[in-house]
Amino acid sequence: MQLNTKRKSTRRIYVGSVPIGGGAPIAVQSMTNTDTRDVSSTVDQIKRLAEAGCEIVRLAIPDQAAATAFREINSLTNVPLIADIHFDHRLALAALDAGANGLRINPGNIGDREAVRKVVKASKDLNVPIRIGVNAGSLQKEIQLKHGRPSSEAMVESALMHVELLESLGFDRIKISLKSSNVINTIKAYELLSEEVDYPLHLGVTEAGTLISGTVKSAIGIGSLLSKGIGDTFRVSLTRDPVEEVRVAYEILRALDLRHRGPEIISCPTCGRCEIDLFGLVDRVERALSGIKSSPKIAIMGCVVNGPGEAREADIGIAGGRGQGILFKKGKVLKKVPENQLADILIKEVKGLVKLQEA
Ligand code: SF4
């Protein structure tokens, strides 16, 4: 579901069957962290990513063996795949030949103009988009010298140079990313760039860090841009299983009321009033419902101070008491449930509701 109507207007491109920009739902991406040459592990990870809601998956293609494996991986998966290429334009050509649905390149580092021309021509012939991926850590020397540091302005200048290069070769199936590990720089860079171009933008805060720091940086960086209508697709970057990136991505979209996928669990932090094992209960419920695509609202609250209020507002809710909980459904009290049955009954009720919603 797409609710924000104030998005910045951008051109539409397609990565495989997934529309990007031009008012399309904001697409969630991730990147495998397996060795691409290990087909079986990579396919397995792509399938887990797809199951979690990842709509586009990027793979690193560091050498010819990876490009060869890419063909087999592509034949064994159903998600659009993007080949991430650095330094060697022949790998980009090999990945296109192997069926890549998109390329992520830094045109400045894959060879001379002739090399870029070959990649652009092959992409154009196959109707495959190219993401210009500018990274603060690898700006062209002349831009670094001019700006003195990898500032937002420097990243934008680099992106615009690459855009001009591709446009001069008659190519416009472009999306652009401007990544920095500095959140403020990232936000400013995308804001500046969105004033300059109407190509779709791929958002991200690069090398964002571990689960907590990466989630916070991404939520602030990506979330603030999305809240201003900037951004057409994004990847949350975490030092973690990439499936976690997808979960965080959907939480960012949910928080902004842009897209909803998976149950929304509202739970309290607990305090001295809580008399049930709320942490254990929330963990169990969250794990049991992790594969659900629809998004029922579930309140799991520790006591009757705020519990009944939140539980009434949710589709299903529990307000804890001493060794028991009161079960709410659609705002009404259903029954009292002993603590040792709370998780099972809550999971059963939610699954029943989801079945009705999805029928
Ligand atoms: Fe504490 Fe109850 Fe609030 Fe949970 S709902 S934080 S247990 S007062």
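**View 1. The largest pocket lies between two domains.** Domain 1 (13–255) and domain 2 (264–358) both supply lining residues, so the largest pocket lies between them. The domain bounds come from an automatic or database domain assignment. This is a predicted model: local features need pLDDT of at least 70, side-chain atom pairs count only at pLDDT 80 or more, and totals for chains, interfaces and linings use all residues. Residues are numbered from 1 along each chain as its sequence is written, and side-chain values use heavy atoms, with hydrogens and water left out.

View 2. The volume of the largest pocket is about 940 Å³. A pocket is an open set of points on a 1 Å grid over the protein atoms alone, where a 1.4 Å probe fits, with protein on both sides within 12 Å along at least five of seven lines; lining residues have an atom within 4 Å of a point. Its volume is the space filled by probe spheres set on the points, which are joined across faces, edges and corners. The lining has 31 residues, and R247, V248, E251, E286 and S290 lie nearest the centre. Two or more residues each come from α1 (39–51), α8 (211–227), α9 (242–255), β11 (264–267) and α10 (278–288). Helix α9 gives the most, with 10 residues. Helices (H or I, at least four residues) and strands (E, at least two) are DSSP runs, numbered from the N terminus. By class, the lining holds 14 nonpolar, 5 polar and 12 charged residues. Ala, Val, Leu, Ile, Met, Phe, Trp, Tyr, Cys and Pro count as nonpolar; Asp, Glu, Lys and Arg count as charged; the others, Gly among them, count as polar.

**View 3. The second largest pocket.** This pocket holds about 320 Å³ of space. It is lined by 19 residues, with M31, R58, N135, T206 and R235 nearest its centre. Strand β7 (residues 130–135) gives the most, with 3 residues. The lining divides into 2 nonpolar, 10 polar and 7 charged residues.

**View 4. The shell around the ligand.** C268, T270, C271, R273, C274, M301, G302, C303, V305 and N306 surround the ligand. A residue is near a molecule if one of its heavy atoms lies within 4 Å of it. The shell has 6 nonpolar, 3 polar and 1 charged residues.

**View 5. An open sheet of 5 strands.** The order is β11-β12-β13-β14-β15, with mixed pairing. β11 and β15 (332–338) stand at the edges with a single partner strand each, so one side of each lacks a neighbour in the sheet. Strands β13 (residues 316–321) and β14 (residues 324–329) pair in the antiparallel sense over 6 bridges; two strands pair if DSSP finds at least two bridges between them. G317 stands opposite F328 in β14.
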